[in-house]
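Reader: I would like to go through this structure step by step. Please show it to me before I ask anything.

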Amino acid sequence: MTTATTSGHGPLAGVRVLELAGIGPGPFAAMLLADLGADVVRVDRPGGTGLAIDPDYDVTNRNKRSVIIDLKAADGPARVLDLAARADILIEGNRPGVAERLGVGPGDCHARNPALVYGRMTGWGQDGPLADRAGHDIAYIALTGTLGMIGEPGRPPVVPANLLGDFAGGSLYLVVGVLAALHHARATGTGQVVDAAIVDGTSHLTAMIHGMTAAGGWQDRRGANLLDGGCPYYGTYETADGKYMAVGALEPQFYDRFLDLLGLPGFADARKDWTRWGELREAVAERFRGRTRDDWTAVFEGTDACVAPVLSLREAPHHPHLAARGTFTEHGGITQPAPAPRFSATPTAVRTGPARPGSGTADVARDWDAPELLKGPE
């Protein structure tokens, strides 16, 4: 059976999203919705809002349009509410109560648009003892137990950039939440508030680990478990040129192939004998140190030993597999991840580069039937 493809821009074509500008997980969530085809309008503050880089390079604002509205101006809240009345989803990432004080909270928006899905992105959530406190990714994941899982025993936990909290536990859960609520709103005509807290989403990511801990299959400490670097055949090893290889030879057949290609025939029985894991780790490390990363990549290429080179951000787009799939794309002179996941009938693409603050005002005024955007602030 063949599947016909549409000429649209993804499965969310026709969905209108209003993003109140912020930084981090909110913009990334809105970018994901835009990548999937939604018409995302970002409301920037005068002077712009975003990362401390040239807006032309802020990839989280790709596939969007931007308007500038001063929410502290007399007519600022009314302008946002006019757009909210025409939107399906709104995303904001202020501390609890700030949107309400500005006059664009859920109550004000739902009075204009009862079917609106109001997505709230915060670290601590809308309630609880820490709800009003400032914070960043590292503090959120610290309290959930996830940061404490990462790193070597006897050494400080390793910071996983801001990928685990902001984007995995935050942005992705916000997107799941607003799309689920949109499904409900279209079935019932009733919108709702989606409270996406990074502490909730990041904790949710550890569901399997909590189950394993309860069953006695996971120790609540770093570097002592099958998937946290405690296992010598699931981890990283330095090569002769100071680079690294990643090993994930968990299953027996993959482990046997790994030992064979590495040249360590005397450790076949060490897979389940944790008393030999220290000896095995030293032997594996010594072997990897004897050749370069490229040498070992060639040794394991095309095998089921579950071994891969550890690439840098700049190296990754050139890997043959990622290049063949088009995992990365180039747009406007910026190499960047292509939209994900992929759809057979409604393909996605990077349609436009990062939206410069205010650059979409005229088009949004026309397309959203919001001529008031073209008036000067009062």
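Author: The model is predicted. We can begin with R65, which lies in strand β3, residues 64–68.

Reader: Is R65 buried or exposed?

Author: The relative accessible area of R65 is 18%. Buried means under 20%. R65 therefore counts as buried.

Reader: How many salt bridges does a search of the whole structure find?

Author: One of them joins E152 and R155, whose closest N and O atoms are 3.9 Å apart. A salt bridge needs a side-chain nitrogen of Lys or Arg within 4 Å of a carboxyl oxygen of Asp or Glu, so a pair is judged against that cut-off. Both E152 and R155 are exposed. The search of the whole structure finds 19 salt bridges.

Reader: D35 forms a salt bridge with R62; how many residues apart are they?

Author: The closest N and O atoms of D35 and R62 are 2.7 Å apart. D35 is in helix α1 (residues 25–35), while R62 is in the loop between β2 (39–44) and β3, so the pair links distant parts of the chain, 27 residues apart.

Reader: Are D35 and R62 buried or exposed?

Author: D35 has 2% relative accessibility. R62 has a relative accessible area of 2%. With the cut-off for buried at under 20%, D35 counts as buried, and R62 is also buried.

Reader: In the open sheet of 6 strands, which strands stand at the edges?

Author: The order of this sheet is β3-β2-β1-β4-β5-β6, with parallel pairing. An edge strand has a single partner strand, so one side of it is left without a neighbour in the sheet. The strands at the edges are β3 and β6.

Reader: Which residue stands opposite R65 in β3?

Author: β2 and β3 pair in the parallel sense over 5 bridges. The residue opposite R65 is V41.

Reader: Which helix lies across β4, β5 and β6?

Author: The helix in question runs at about 165° to β5. This helix is α6.

Reader: Where does the largest share of the largest nonpolar core come from?

Author: The largest nonpolar core has 28 residues, and V17, L33, I89, I91 and V117 are those with the most contacts inside it. At least two residues each are supplied by α1, β4, β5, α6, β6 and α7. The largest share, 6 residues, comes from α6.

Reader: In the open sheet of 3 strands, which are the edge strands?

Author: This sheet has the order β7-β8-β9 with antiparallel pairing. Each edge strand pairs on one side only, and these strands are β7 (234–238) and β9 (307–309).

Reader: In β8, which residue is the bridge partner of Y234?

Author: β7 and β8 (residues 244–248) pair in the antiparallel sense over 5 bridges. In β8, the bridge partner of Y234 is G248.

Reader: Which helix lies across β8 and β9?

Author: The helix runs at about 30° to β8 and spans residues 293–300. This helix is α11.

Reader: L264 is found in a loop; is L264 buried or exposed?

Author: The loop lies between α9 (252–262) and α10 (277–289). L264 touches L259, A283, V284 and R287, leaving aside residues up to four places away in sequence. Its relative accessibility is 9%, so L264 counts as buried.

Reader: What separates the C-alpha atoms of L264 and L280?

Author: Along the chain, L264 and L280 are 16 residues apart. The separation of their C-alpha atoms is 9.1 Å.

Terms used
Residues are numbered from 1 along each chain as its sequence is written. This is a predicted model: local features need pLDDT of at least 70, side-chain atom pairs count only at pLDDT 80 or more; totals for chains, interfaces and linings use all residues. Side-chain values use heavy atoms; hydrogens and water are left out. Helices (H or I, at least four residues) and strands (E, at least two) are DSSP runs, numbered from the N terminus. Buried means under 20% relative accessible area, exposed over 50%, partly exposed in between (1.4 Å probe, protein chains only). Contact means heavy atoms within 4.5 Å. Two strands pair if DSSP finds at least two bridges between them. Axes are lines fitted to C-alpha atoms, for helices over the stretch in contact, and angles run from 0 to 180 degrees between N-to-C directions. A nonpolar core is a set of buried Ala, Val, Leu, Ile, Met, Phe, Trp, Tyr and Cys residues joined through side-chain atoms within 4.5 Å.
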